[in-house]
Amino acid sequence: MLGFVLLFAPIITNENPEFSKNLSVTKLLPPFSSVKQCELKSDGDNNLSGAEVFRKESEEVIKPSFNDNIILADSFRVSDKIIYFQKKEAFEIERESLNSKAGIPVINEKFYLVGTDEFGRDLFARLIHGTRISITVGLGAVVLSFIIGIILGFIAGYRGGFPDVLLNRFAEIFLAFPIIYLVVLILALFGSSIFSIIIVLGISGWMSLFKIVKSEVLSIKRKDFFSTAELVGLSKFQLLSREILPVIIAPVLVNLVFLFSNVVLAEAALSYLGLGTGNTYPSWGSMISSGQEYITKAWWLIVFPGLGLILTLFSFNSMGKMLGKVFNPRLIE
């Protein structure tokens, strides 16, 4: 389900998550609310250049964050002139200035499935795009942790001796040091962005994988098939990819699933503290943080992002336990 949202978010909702207009009408609307929407005619529609036509058509697929031609109102009254109402205040526009079909002004219903936030933005669109951010950060950080943990674990287990001692002390430093301070320091130095969040969470989650890989390599390198592979002349990369990874893939995969859920939670926590992806992208954590101010009158600002986070963590933790049982049937509840 999350993979489907990641790939097809623009199809699920093509609403720009930052679109904000007519706050008197759209601010803090509860779930299942709707407002009236019409669109003014663009000036010189018949004399647009090829590039302008392409831009106009592309905006029908990828909505801009602001559109001067759109009017959102509580209600419309259609007569010789168009009168629309925003919080009991009436405004008048010429009938000919609206987009029309067969001479009738086009007035649509804009529906908000889970309501709007304090800036009148569609909360459903922000939840969907926030899912993409969480999954992207999670996958990126897990891949980085996987690469670091596999390489360092292989070196420590295969080489032994001083490299083993050094890498073990290095991992223990990471485990003993409160990682949140390192995260805050790096983000303070390099700024908050998706790339920096992936790097920070990736380099702070490799230790458990390192321990697993090292212990497995220590066991495997005593096996006859591994000694034979060394005698044949396989390179270190070939030994890792052909002889070790296929054997340890089960515990590694289980660890990565649990690591993914931890990274998603960490990203939400950082966004909650204002250290996440910044204001460029919507994030579940930042939505929960901003919703705190309106918890007494707009409960949906916290409930829906929190529910999305809880369901994601629950599903991946359940997947990790299920994989653990599949790979090791002796595990019991």
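I173, F177, I180, Y181, V184, Y272 and L273 make up a nonpolar surface patch, and their accessible area together is about 690 Å². The model is a predicted one. Helix 6, residues 179-190, is the largest contributor to this patch, giving 3 residues. Y272 belongs to another element: helix 10, which covers residues 236-272. How exposed is Y272? Its relative accessible area is 35%. Y272 therefore counts as partly exposed, because that class lies between the 20% and 50% limits.

Away from the patch, the strands deserve a look. An open sheet is formed by 3 strands in the order 2-1-8, with antiparallel pairing. Strand 2 (70-73) and strand 8 (107-112) are the edge strands, each pairing on one side only. From one strand to the next, the twist averages 35°. Within this sheet, strand 1 runs antiparallel to strand 2, joined by 4 bridges. Q37 stands opposite L72 of strand 2.

**The hairpin**

Strand 3 and strand 4 also pair in the antiparallel sense. What joins strand 3 to strand 4? A hairpin does, through 2 residues. V78 has I82, in strand 4, as its bridge partner.

| Strand pair | Residues | Sense | Bridges |
|---|---|---|---|
| Strand 1 and strand 2 | 33-39 (strand 1) | antiparallel | 4 bridges |
| Strand 3 and strand 4 | 75-78 and 81-86 | antiparallel | 4 bridges |

In general, strands of a sheet pair through backbone hydrogen bonds, either parallel or antiparallel.

Methods:
Residues are numbered from 1 along each chain as its sequence is written. This is a predicted model: local features need pLDDT of at least 70, side-chain atom pairs count only at pLDDT 80 or more; totals for chains, interfaces and linings use all residues. Side-chain values use heavy atoms; hydrogens and water are left out. Two strands pair if DSSP finds at least two bridges between them. Patches are made of residues with over 30% relative accessible area and no salt bridge: like charges are joined within 9 Å, nonpolar side chains (Val, Leu, Ile, Met, Phe, Trp, Tyr) within 5 Å. Accessible areas come from the Shrake-Rupley method with a 1.4 Å probe; for residues, only the protein chains shown count as cover. A salt bridge is a side-chain nitrogen of Lys or Arg within 4 Å of a carboxyl oxygen of Asp or Glu. Buried means under 20% relative accessible area, exposed over 50%, partly exposed in between (1.4 Å probe, protein chains only). Axes are lines fitted to C-alpha atoms, for helices over the stretch in contact, and angles run from 0 to 180 degrees between N-to-C directions.
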